[in-house]
Amino acid sequence: MIVAKLIDTTLCIGCKACEVACQEWNDQEYTLGTFDGSYQTMPDLAPNFWNLIKFNEVEKNGGTSWLMSKYQCMHCADAGCIAACPAPGAIVQLANGTVDFAHDNCIGCGYCITGCPFDVPKLSPTTKKVYKCTLCSDRTAVGLEPACIKTCPTNCLTFGERDEMIRVADIRTRELKADGFKDAGVYNPQGVGGTNVIYVLNDVKQPESYGLPKDPVIPWTVQLWKGPMKVLGTLAFVGAILGAFFHFVIYGPQDPEVHGHDEE
Amino acid sequence: MTNGWTDVANADVVLVMGGNPAENHPVGFRFVMEAKRLRKAKIVCIDPRFTRTAAVSDCYVPIRSGTDIAFLGGLIHYAVESGKYQRKYVEQHTNASFLIAEGFGFENGHFSGWQGDKYDKTTWQYELDASGNAKTDPKLEHPRCVFQLMKKHYSRYTPEKVAEICGCTKEEFLKAADLITVAAAEDKSGTVLYALGWTHHSFAVQLIHAAAMVQLLMGNIGMPGGGVNAQRGHANIQGSTDMGAWNMLPGYLKIPRANLTTIEEYLKANTPKPLQAKSLNYWGNTPKFFKSLLKAYYGKKATEANQYGYDWLPKIDEKGDHSWGAFFDDMFHGKLEGLISFGMNPVANGPNTKKMLTALSKLKWLIVAENFETETAAFWKAKTLAAKDYPLALDEAGISTEVFLLPAANFAEKDGAFVNSSRWLQWKEAATDPPGEAKRDQEIIAKLFLEIRRLYEKDGGANPAPLMNMSWDYAKPAMPLLSEIAREVNGVDLKTLKQLNGFGELKDDGSTACGNWVYSGCWTEAGNQMARRGQVDPTGLGLYPQWSWSWPANRRILYNRASADENGQPWDKTRAPLQWDGERWRGDVPDYKADAEPGSLPAFIMLPEGVARLFAPDLVEGPFPEHYEPAESPVLNALHPEASANPMLKTYSSEPVAFGKAKDFPYVAITYRLTEHFHYWTKHTSSSSELQSNFFVELPAELAAAKGIVSGDKVRVSSARGTLEGPALVTKRLRTLMVNGQKTYHVGLPIHWGFVGKITGPLINNLTPSAYDPNSGTPEYKGFLVNLEKI
Amino acid sequence: MTKSEIRIPRFDAYERVMHWMAALSFLYATLTGLAIWSPKLYWLAGVFGGGFVIRGTHPWSGVLFSAVIGWMFARWAKTMGLDSDDKVWLTKMDKYITHQHGALPESGRFNAGQKMLFWSQVVTALLLFASGIVMWFPEWMPRSLRLIAIAMHPLAAIGSISGIIVHIYMGTAAVPHSMRAMLRGWVVPEWARFHHPKWYRQWRDSTNIR
């Protein structure tokens with residue numbers, strides 16, 4: 001059963017309860033932030049901060065709107081981090097769709113940071129390993145919902161079977177459309193095969209205004225080095241070795257004793 | 001709250017004004033979101049700032065801080081003139097039909113009876129018939145009936161005037177008014193959610209009165225999804241109000257005044273007489289409540305012969321005032337010797353920090369029982385500690401106050417009940433023992449009490465009787481259990497020694513004892529009702545009668561009789577919190593006699609009138625709410641410039657610095673809380689400190705641009721009281737308002753910082769004025785004047 | 001002294017140290033890099049202490065290699081310039097491969113193929129260094145750069161390694177005695193005259209040893 005987290009941004013009040021729940025459950029070290037002119041806890045996710053409410057002030061239809069949305073690992077079906085990861089077993093996709101890091105296997109190369117189209121994984125300067133939301137795999141393994149879901153006071157966050165979440169999201173979208181939000185929709189980007197964190201947005205045509213990338217895909221350079229370049233490299237190395245070998249077999253060494261001619 | 005958090009989900013319109021529940025009551029706000037999602041309720045947010053609540057609202061209207069009465073007055077005008085009010089409700093359940101004495105009027109900013117510095121309220125009274133009942137005109141046509149007087153009073157509050165005063169546009173006002181008055185339909189209800197955005201004004205009580213008037217006109221009081229709902233900011237602030245604050249006894253009994261020398265005089269002065277023939281006038285039972293309270297205080301020592309110990313009860317002067325501003329003013333004048341401060345941080349949360357510090361420095365001793373060293377406990381080093389944020393004129397070397405900081409247990413280290421906004425008494429268990437030498441509050445109090453009494457016994461002392469006669473029957477006198485105290489508060493029948501079932505069983509002959517009549521029923525012979533966690537919902541309205549216990553009498557919606565018409569049938573057939581089945585009232589615990597036929601009594605049993613007050617004769621500055629400017633305002637009152645601010649504004653002549661003028665301090669400052677923090681407390685905790693580490697000054701983009709300020713620039717904010725510095729947060733969410741044709745800007749100042757804790761920053765109360773609401777004594781923390789400079 | 005007893009100095013000690021520093025750091029970077037490059041070669045990581053260790057050491061070996069390449073550049077850049085003979089040589093490289101030396105213009109101290117190897121290594125080392133730095137500190141680098149680096153680094157490495165495979169073959173089996181030149185520093189006149197006639201004549205003209 002694939003599970004999913006549904007974030008109904010139209011119900012988010014930016015209370016940050018999910019941030020604290022995440023910090024508490026995962027036993028994260030708290031840090032103090034420097035002022036950056038925003039209500040946002042910090043500008044971006046951090047190795048010890050996996051769940052961030054983004055606050056976006058948007059000018060729209062002559063008025064100001066203040067969009068708040070929770071940001072964390074999207075648990076992509078076709079995950080860019082896994083595509084990029086060179087260390088076998090460091091990033092695993094669980095049977096329920098969770099993309100989880102096995103830190104014993106993580107080598108801290110940071111390829112996943114580049115592979116992720118959502119810019120989620122963060123490298124810790126102290127442990128030199130990469131961290132992100134685990135979808136509370138230690139909770140879901142025993143049938144509990146992730147900590148953020150548990151704590152959300154407004155039902156903005158729900159968790160369950162992915163198909164069910166998509167059904168709920170579709171219903172909610174229809175409600176919003178009926179309420180006049182003609183561009184309401186579900187954010188479940190297909191460029192990464194769909195995500196196991198899906199959003200309901202008032203305006204799905206402009207996910208950027210929520211701090212979400214418009215058409216996230218696994219970067220082509222990552223795909224290039226994972227795919228064609230492996231073939232190219234293998235061909236080059238094997239070609240060079242075999243070429244050298246058969247050159248020797250055919251022509252032998254370049255030895256003055258053999259080819260030599262005394263010019264004097 | 002007249003209703004409760006869970007009931008907000010029943011609303012069709014949610015008016016959020018003078019509060020910011022998405023930020024400050026996020027857990028309760030789930031019921032707002034439920035109403036929005038499931039009932040398609042419209043959320044209307046009226047606030048000087050575009051808040052997180054505004055972000056999820058259907059309609060946001062910015063208004064200048066302190067102009068709420070103008071806005072609500074405009075709503076009253078709009079509703080009455082357009083006929084968008086619930087006529088039958090108004091006729092049946094309000095005093096709209098009551099006639100007011102000849103001579104009542106309003107002129108030049110004053111109601112009739114103005115004497116230059118106070119009111120003679122003779123003309124504010126009902127016209128009574130020979131038997132002492134108020135005269136009425138059920139058709140609401142008599143020129144002196146409340147309805148006509150109200151209509152006339154608010155005729156000045158046209159949409160144009162509202163826009164001019166508040167700074168919003170007329171169209172914005174009308175859009176909000178259209179949404180709010182949807183609730184005038186019999187089957188629709190609207191709730192009003194407010195908090196400190198209303199109470200922090202020098203006309204706070206009138207403001208809430210105005211909201212009550214709107215709700216009565218809409219027929220929303222007593223309705224599911226209706227009511228006037230104060231969102232309490234602290235876990236137990238409702239409890240502390242119910243149990244009596246500085247000038248109130250438990251259960252909202254009036255504190256005895258020195259001129260009332262006998263219990264008879266006290267009861268005569270404080271027991272109201274009915275103003276309608278059939279009015280139940282429940283406060284007529286005051287003697288039962290009061291004598292039972294004295295029996296709880298003094299036990300067997302309280303007898304009929306000694307007036308139940310009335311003489312031992314502390315009294316305040318006839319005109320005396322023990323509200324916050326008053327006793328700090330007394331302290332400032334050196335009239336207080338010591339202060340015991342529990343769970344209170346006056347240096348941080350009192351207005352005009354300098355005055356608070358100076359007042360404390362005049363004490364001989366100060367006891368602070370707290371989890372952390374607070375600003376109050378550290379007040380004697382304030383100048384040094386605060387130096388980086390602002391200069392404080394305080395001579396630390398001259399302070400001789402002896403400070404005792406007692407480590408006190410926190411909420412998780414104690415059992416007991418929290419009373420939430422919904423009036424629910426929710427019992428909790430202690431999660432852990434207090435660390436180290438920390439003690440529970442009741443243990444600190446008990447030990448102090450016992451030691452003082454021991455010293456009195458040994459050495460004697462002034463006025464020993466109250467101390468010696470105090471009942472102290474606890475299993476362990478030095479450590480009373482909160483369960484023992486809760487049982488005492490519930491009350492006991494002294495003949496059978498059985499727990500009372502409710503205040504209906506209270507007697508005025510000394511045979512019952514009860515620590516707080518409104519809580520009677522919370523711990524009966526059936527056990528601790530507050531610990532119940534039943535989740536049945538018979539009405540389907542989310543009232544959950546078996547979840548904890550709600551005062552009074554486990555009633556979930558106050559005035560619920562008014563949710564039904566004259567036949568006892570619900571106004572909204574689909575939602576019946578209360579319904580007459582021919583013999584009894586069914587549903588919620590009726591705010592009525594349970595077996596009284598619908599027409600036999602008027603609906604508002606707590607009031608001598610029996611109906612709700614559109615016209616409130618007992619308030620200080622007038623029976624109708626009138627728009628007055630804050631004590632410091634950028635403009636003169638557009639309705640009556642000659643009486644601009646509240647004529648009854650409470651202030652103290654001793655202020656070290658008086659009020660500022662608009663020419664020196666041109667911007668309107670508002671103080672507020674952020675969702676990330678709880679008051680001045682969470683700056684001591686890691687998680688909240690991470691979520692919002694830094695103090696900031698929130699500025700409108702237009703003002704910032706004019707001053708060349710961008711986010712992050714350091715700015716200095718100054719008022720007539722003091723200055724502070726901090727980084728600017730520039731936002732378009734703070735709009736420029738056009739007030740009386742001039743541009744008006746707000747400067748936002750979040751509270752929460754101070755000079756001790758994991759995170760530190762300026763105390764915004766260094767700027768706030770000592771101007772107080774004359775009814776409640778609450779300081780005007782919002783809508784004062786400041787200047788702003790880039791540094 | 002017979003001819004075969006004459007030792008012509010080909011690489012001085014500095015050059016030999018330089019070369020072998022480059023070779024060793026390259027070997028280490030290659031083996032650890034290959035481990036990271038392909039899961040099939042990840043076992044190589046174990047050889048060097050595990051993935052986490054090589055993630056830490058690989059960049060340093062790259063820095064060392066790049067530094068030595070810089071050193072080589074400083075020392076050999078002039079020598080490695082292509083003259084007109086080299087350009088002709090390059091057009092007739094097939095003759096070199098098929099051992100038709102007579103058809104080729106004479107080479108100096110380095111033949112045109114060696115020079116091309118040198119320049120290709122300089123270029124790939126530059127690319128590897130630049131992209132390596134970006135990948136070393138992903139948290140400080142803009143995403144656009146990281147995206148380029150993640151493809152450029154292996155691409156440059158493929159070029160570099162392929163070149164070195166050929167270089168190793170040339171230096172060992174294909175051209176006997178080259179290894180001794182790089183290990184001990186000298187060659188015999190026959191070898192010099194055969195492989196680098198112009199350089200040999202320079203040597204001969206500058207000395208009276210015959």
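Visitor: How many residues of chain A are in contact with chain C?

Guide: Contact here is judged by C-beta atoms lying within 7 Å, and in this predicted model 36 residues of chain A meet 35 residues of chain C in that way. Several elements of chain A each supply at least two residues of the side that touches chain C, among them α3 (111-115), β6 (122-123) and α7 (220-226), while the largest share, twelve residues, comes from α8(A).

Visitor: How do the residues on that side of chain A divide into nonpolar, polar and charged?

Guide: The side of chain A that touches chain C holds 23 nonpolar residues, nine polar ones and four charged ones.

Visitor: Which of the pairs of chains that touch has the most contacts?

Guide: Of the two pairs that touch, chains A and C have the most contacts, whereas chains B and C do not touch, their nearest C-alpha atoms being 21 Å apart.

Visitor: Turning to a strand, is β10 of chain A mostly covered or mostly exposed?

Guide: Strand β10 (residues 197-201) of chain A is mostly covered, with five of its five residues buried; A:Val197, A:Tyr199 and A:Leu201 lie on one side, and A:Ile198 and A:Val200 on the other.

Visitor: Which strands pair with β10(A)?

Guide: Strand β1 (residues 3-8) of chain A pairs with β10(A) in the parallel sense over four bridges, and A:Lys5 stands opposite A:Val197. Strand β9 (residues 185-187) of chain A runs antiparallel to β10(A), joined by three bridges, with A:Gly185 as the bridge partner of A:Leu201.

Conventions:
Residues numbered from 1 in each chain as written. Chains lettered and ligands numbered in written order. Predicted model: local features only at pLDDT ≥ 70, side-chain atom pairs only at ≥ 80, totals over all residues. Nonpolar A, V, L, I, M, F, W, Y, C, P; charged D, E, K, R; others polar. Buried ≥ 20, exposed ≤ 12 C-beta atoms within 10 Å, placed from the backbone. Pairing = 2+ DSSP bridges.
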